[in-house]
Amino acid sequence: MQRLGRPNRLPNQVLALRDVSKSFGSVRALDGASLEVAEGEFLALLGPSGCGKTTALRVIAGFEHPDSGAVELGGRPVAGNGSFVPPERRGVGMVFQDYALFPHLDVAHNVGFGLSRDIRAERVAEVLEFVGLADLSRRRPGQLSGGQQQRVALARALASRPAAVLLDEPWNAIDPLRRGEMRDELAGMLRETGVTVILVTHDREEAFTLGDRIALMREGRVAQVGTPEELYYSPADRWCAEFVGGSNFLRRGDHDVLVRPEMVGLEADAGGDAEIVGRTFLGHDVLYHVRMADGSTLAAQRPSNERVDLGARVRVRVHDGPQAAFPA
């Protein structure tokens, strides 16, 4: 695979959203969203459907005008406060959910669309070589597999040497059996270029696997930003805790302490004061539901070689590890 070289750089902080709001009729898609993205960072925008993450991406790209607030790219305003820079002048590339390829154009013309004529042929050849499609330059999108179409979309996004690439749930339409492989392939290519990447996803595993940091969105706002470990072990509130992973909350005085299921140990013991009331085999792990003596239920996730039968009496032990506490 050919190396592409470094992208054109916007200095230091590539992107900032400053208190951005956007409504569609009575629906408030963004409600004072703020976010900063560093140069070369792979940031995942994670959240449930309807939380505003795709709208945020479209505002960054210039496909939507914010109602209020500002967008900055490379320290310069591109939207808000009386300014608006059109998408083609923002220095960002985008890979859409459906790839948005022109069906009547071949691969080379799709990739070269919008490039100036004097650099088009050389740059198209360069990016197609990089994504491994140099031999398919004359085929049309309908003659390609889903994975090949995705690489065409990536080549087009990279062709203009953007400082940032925006990915809008690009693996949604991919066969689940191939999704992980294609995700790793695309992410590897992007990391090789050193370009800043913003990925929109509702998939926690995807965000945890790919993101240097994750911006967790809820109801049009950024609820928390941090590394995957920070979001998992030090969530900002109960909602954040429950969204990013399985959660148990144990009352300790006037606080509820977060205990992740994998921190709950089980020991089979006929005299134990807890009972296994649910058991879900997940392959490498087993998720147990454990009824405690006080009638409450805990989730415990244990390796599948630590078998405990449904209905068994057990003793429960919470392992040492990171914990977060919230007001009861």
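The structure is a predicted model, in which local features need pLDDT of at least 70 and side-chain atom pairs count only at pLDDT 80 or more, while totals for chains, interfaces and linings use all residues. Residues are numbered from 1 along each chain as its sequence is written, and side-chain values use heavy atoms, with hydrogens and water left out. The protein chain has eight helices and 19 strands, where helices (H or I, at least four residues) and strands (E, at least two) are DSSP runs numbered from the N terminus.

**The chain as a whole**

- Taken along the principal axes, the C-alpha atoms of the protein chain fill a box of roughly 80 × 45 × 35 Å.
- Of the 328 residues in the protein chain, 48% are buried, a term that means under 20% relative accessible area, with exposed meaning over 50% and partly exposed lying in between (1.4 Å probe, protein chains only).
- Among contacts in the protein chain with a separation of 6 or more, 64% come from residues 24 or more positions apart, a contact being a case of heavy atoms within 4.5 Å.

**Helix α3**

- Helix α3 covers residues 117-130, which makes 14 residues, and its span from first C-alpha to last is 20 Å, close to the 20 Å expected at 1.5 Å a residue; the expected span is 1.5 Å times one less than the number of residues.
- A kink of about 25° in α3 is centred on Arg 123, the bend at a residue being the angle between axes fitted to the seven residues ending there and the seven starting there.
- Arg 123 is also one of the buried residues of α3, along with Val 124, Glu 126, Val 127, Leu 128 and Phe 130, and the buried residues of this helix pack against α2 (107-112), α4 (146-159) and α5 (176-193).
- Just after α3, Gly 132 takes a positive phi of about 80°.

**Two single residues**

- Asp 19 lies in strand β1 (residues 13-24), and it counts as partly exposed because its relative accessibility is 47%.
- Although Asp 19 and Gly 32 are 13 residues apart in sequence, their C-alpha atoms are 4.1 Å apart in space; not counting residues up to four places away in sequence, Asp 19 touches Gly 32, Ala 33, Ser 34, Ser 68 and Gly 69.
- Glu 64 is found in the loop between α1 (53-61) and β4 (68-73), and it counts as buried because its relative accessible area is 17%.
- Leaving aside neighbours within four places in sequence, Glu 64 is in contact with Lys 22, Phe 24, Arg 58, Val 59 and Phe 84.

- A search of the whole structure finds two cavities of 30 Å³ or more, where, on a 1 Å grid over the protein atoms alone, a cavity is a set of points where a 1.4 Å probe fits but cannot get out, a pocket is an open set with protein on both sides within 12 Å along at least five of seven lines, and lining residues have an atom within 4 Å of a point.
- The second largest cavity holds about 30 Å³ of space, and α7 (228-233) and β13 (255-259) are the elements that give two or more residues to its lining.
- The second largest pocket holds about 240 Å³ of space, and its lining includes Arg 204, Tyr 232, Glu 262 and His 284.

Note on methods. Points joined across faces, edges and corners; volume = space filled by probe spheres on them.
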